[in-house]
Amino acid sequence: MGKANQGDLEIVPSPFLAFLKDLHSKYKSLQEGAVANYIPELAKVNPDLFSICIVTVDGQLYEVGDYEQLFTIQSMSKVFAYGLALEDRGRDYILTKVGVEPTGDAFNAIILDEQSKRPHNPMVNAGAIATTSLIKGSGATERLNRMLDMFRRYIGRDVFVDISVFTSERSTGHRNRAMAHLMLNFGTIDQNIEEALDLYFQQCAVMVNCRDLAVMAATLANRGTNPITGEQAVDSRYIKDILSVMYTCGMYNFAGEWAYKVGIPAKSGVCGGIFAVVPQQMGIAVFSPLLDTRGNSVRGVKVCEELSQHLSLHLFDCSNNNSCLSNIRL
C-alpha cells in the first residue's frame, strides 16, 4: 500500500486492517444523531463522512474511510492547548485558575465551582477559555503563532485556521462571552477578553484530518514525542496531567460511562471527531459528524467501544497484560 504523506509513517496491510474495514462497514449505515448546528458553518458538513485511523508508537498506520478529509478540530484542541499552558505556567499555577474535577453538566454550561470560582476542568468551554488565556505571547499574533507551531509539532506538518469557521464561531459565540465575563468578575481571566476568545475560537477552527488526530494521539501515547518525526511536541512531565484530565473529563457528561465501557483517555469534539490514547502503545482517531445529544460522535463511540473490547484496551482489564500491540500486528 506504500507510504503515507507524513514522513516515514508506514501503512501496514494486515488482518487488523481488514478488521478495521469490517468495523467501518458495520457502522457506515448507522444514521443516528445529527450534525452540530449551533455554529452555522458546522451545519454544512456531509453527515456521511466516516473514517478510522490508528497510529502506533513505532509509526505503524492503519486507516480506512475518509481519513484525508479535513475538518475543524473544535473541542479536541482543548487537550493540546492545556499542554501548552502547562508548559508556559506550570501545573501549580494552572490549578489556581482551572480545576480538574469532572462535571455532569453540559460542556457549554455557564457555571463555575461554587467555592473556588474556577472552571471545573480544562475540557469544558469555560475551563478551555481560561486555559487558552494563560498561553504566553507578546500579543495576539505571537500567541496564535505559538499555538499553530504547537499543533505542527504534534502533527508533523503546518496547519491553518479555517477563517469561515472562526468567523462563524466568533459571531455566534455569545455563551462563551458570557463565561469569559463571569470569569473576569472572579479574576480567573486577567487580560483582554476578546483577545482570549479570539485565540480560543481560532484554536477550535484549526483544520485537521483523521490521520492527523491519530498521530496527535500517538504522540501523547509516546510520552509527548511525535512517533513519525521524532520531535518533542510537549514536555513529557505533563503527559500524566493531560491524560488524567482526558480520562475523567474528556467526553463531556458521558465521561463516566466512557471510562466504564472503553477505559482509555479520550477527547471528543462537535466536529464529529474522537481521539483516544493507549499509553505507550497507540493513538486512535475516529471521524463521523453525526452527534448524540451530549455532543459525541455516535459512530465514534461505537467504534471505540468495539476496539476496546477487541484489543482489551481498558486500562483496568486484567487480561490485556499491559500491551495490545501483539493483537495489532497480526
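Biologist: Thanks! Which residue forms a salt bridge with Glu-41?
Modeller: Lys-44 does, with the closest N and O atoms 2.8 Å apart. A salt bridge here is a side-chain nitrogen of Lys or Arg within 4 Å of a carboxyl oxygen of Asp or Glu. Before we go on, this is a predicted model: local features need pLDDT of at least 70, side-chain atom pairs count only at pLDDT 80 or more, and totals for chains, interfaces and linings use all residues. Residues are numbered from 1 along each chain as its sequence is written, and side-chain values use heavy atoms, with hydrogens and water left out.

Biologist: Is Lys-44 buried or exposed?
Modeller: Lys-44 is exposed, because its relative accessible area is 62%. Glu-41 counts as partly exposed at 24%. The cut-offs are under 20% relative accessible area for buried and over 50% for exposed, with partly exposed in between (1.4 Å probe, protein chains only).

Biologist: And what does Arg-211 pair with?
Modeller: Its side chain meets that of Glu-63 in a salt bridge, 2.8 Å from N to O. Arg-211 lies in helix α9 (residues 210-221) and Glu-63 in strand β3 (residues 60-65), so the pair ties together parts that are 148 residues apart in sequence. Helices (H or I, at least four residues) and strands (E, at least two) are DSSP runs, numbered from the N terminus.

Biologist: Are those two buried or exposed?
Modeller: Arg-211 is buried, with a relative accessible area of 5%, and Glu-63 is buried too, at 6%.

Biologist: Where do Glu-257 and Lys-261 lie?
Modeller: Both are in helix α11 (residues 255-261), four residues apart, about one turn of the helix.

Biologist: How many salt bridges does the structure hold?
Modeller: There are 15. Asp-149, Arg-152, Arg-153 and Glu-231 are linked in a network of them.

Biologist: Changing topic, what does Val-45 touch?
Modeller: Leaving aside residues up to four places away in sequence, Val-45 touches Val-35 and Pro-289; contact means heavy atoms within 4.5 Å. Val-45 sits in the loop between α1 (15-28) and β2 (51-56).

Biologist: How far apart are Val-45 and Val-35 in space?
Modeller: They are 7.4 Å apart, C-alpha to C-alpha, and ten residues apart in sequence.

Biologist: Last one: how many helices and strands does the chain have?
Modeller: It has 13 helices and eight strands. Buried residues make up 59% of its 330 residues.
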